[in-house]
Amino acid sequence: MLKLVGGVIAAGSRAVARPLMQVGTIPVIRRIVITYRQVGIFPIVVVCDSGNEALRNDLSGQGVIFLENDHGDQPELFDSAKIGLAYLANKCERVVFTPVNTPMFSPMTLLRLMSVSALVVSPSYEGRGGHPIIVDSSIISGILSFDGLGGLKEALEKYRDDHIWVPVQDQGVLSSVHQKDELEQQAVKHN
């Protein structure tokens, strides 16, 4: 039986997130959407701040669902994760979560992560954890009810016994748009 896997991209804060920053030939947000689509992730939810028409225009025709994070000018990443997870909770068996600032993981890495069965699946590169993270829909309500400090990382801590870290040879799981030069080099390799 085919399992429906949805995706959430957190692009909520204009001050921190830079979804339209060009890396290579396309904006980072579109790079993630394309990667998701290449491996069959559907539906794809983009959580952004209200009034971000440039982002909506850039992804026009890409078949994504936009949800708003209206927690101020600089919403927390975890707030965006919760909004997207809540939307997909009863629509998918698993959900892939990616902050927009980590766009350079490859489709092959994502397929590898998706092939692993666990409540939580995360990539690691040279011992460092990264994104995207895959969560089973059965734990979404537990994540949504978490109200402590530490964000998604801490919310997932109670599932550590069924959290599998998958070692990958893909530095893109760690990349951040704050490392633009490094991203440009990775974009050349991926194009």
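Analyst: A residue is called buried when its relative accessible area is under 20%, exposed when it is over 50%, and partly exposed in between, with a 1.4 Å probe and protein chains only as cover. Helices (H or I, at least four residues) and strands (E, at least two) are DSSP runs numbered from the N terminus. This is a predicted model, in which local features need pLDDT of at least 70 and side-chain atom pairs count only at pLDDT 80 or more, while totals for chains, interfaces and linings use all residues. Residues are numbered from 1 along each chain as its sequence is written, and side-chain values use heavy atoms, with hydrogens and water left out.

User: Which residues of helix 1 are buried?

Analyst: In helix 1, which spans residues 28-38, the buried residues are Val-28, Ile-29, Arg-31, Ile-32, Val-33, Thr-35 and Tyr-36. After helix 1 comes Gly-40, with a positive phi near 85°. Over the protein, which has seven helices and ten strands, buried residues make up 54% of the 191 residues.

User: How should I read a polar contact, and what does the side chain of Asn-69 join?

Analyst: A polar contact is a pair of N or O atoms within 3.5 Å; within protein, one must be able to donate a hydrogen and the other to accept it, and residues adjacent in sequence count only if both atoms are side-chain atoms. Asn-69, in the loop between strand 5 (64-68) and helix 3, has a side chain joined to that of Ser-80 by a polar contact of 2.7 Å. Asn-69 counts as buried because its relative accessible area is 0%.

User: Is Ser-106 buried or exposed?

Analyst: Ser-106 sits in the loop between strand 6 (94-99) and helix 4 (107-114), and it counts as buried because its relative accessibility is 12%. A polar atom of the Ser-106 side chain lies 3.0 Å from the backbone nitrogen of Thr-109.

User: How is a pocket defined, and how much space lies in the largest pocket?

Analyst: On a 1 Å grid over the protein atoms alone, a pocket is an open set of points where a 1.4 Å probe fits, with protein on both sides within 12 Å along at least five of seven lines, and lining residues have an atom within 4 Å of a point. Grid points are joined across faces, edges and corners, and the volume is the space filled by probe spheres set on the points. The largest pocket holds about 460 Å³ of space. Of its 17 lining residues, His-131, Ile-133, Leu-152, Lys-153 and Leu-156 are the closest to its centre. Helix 6 gives the most to this lining, with three residues.
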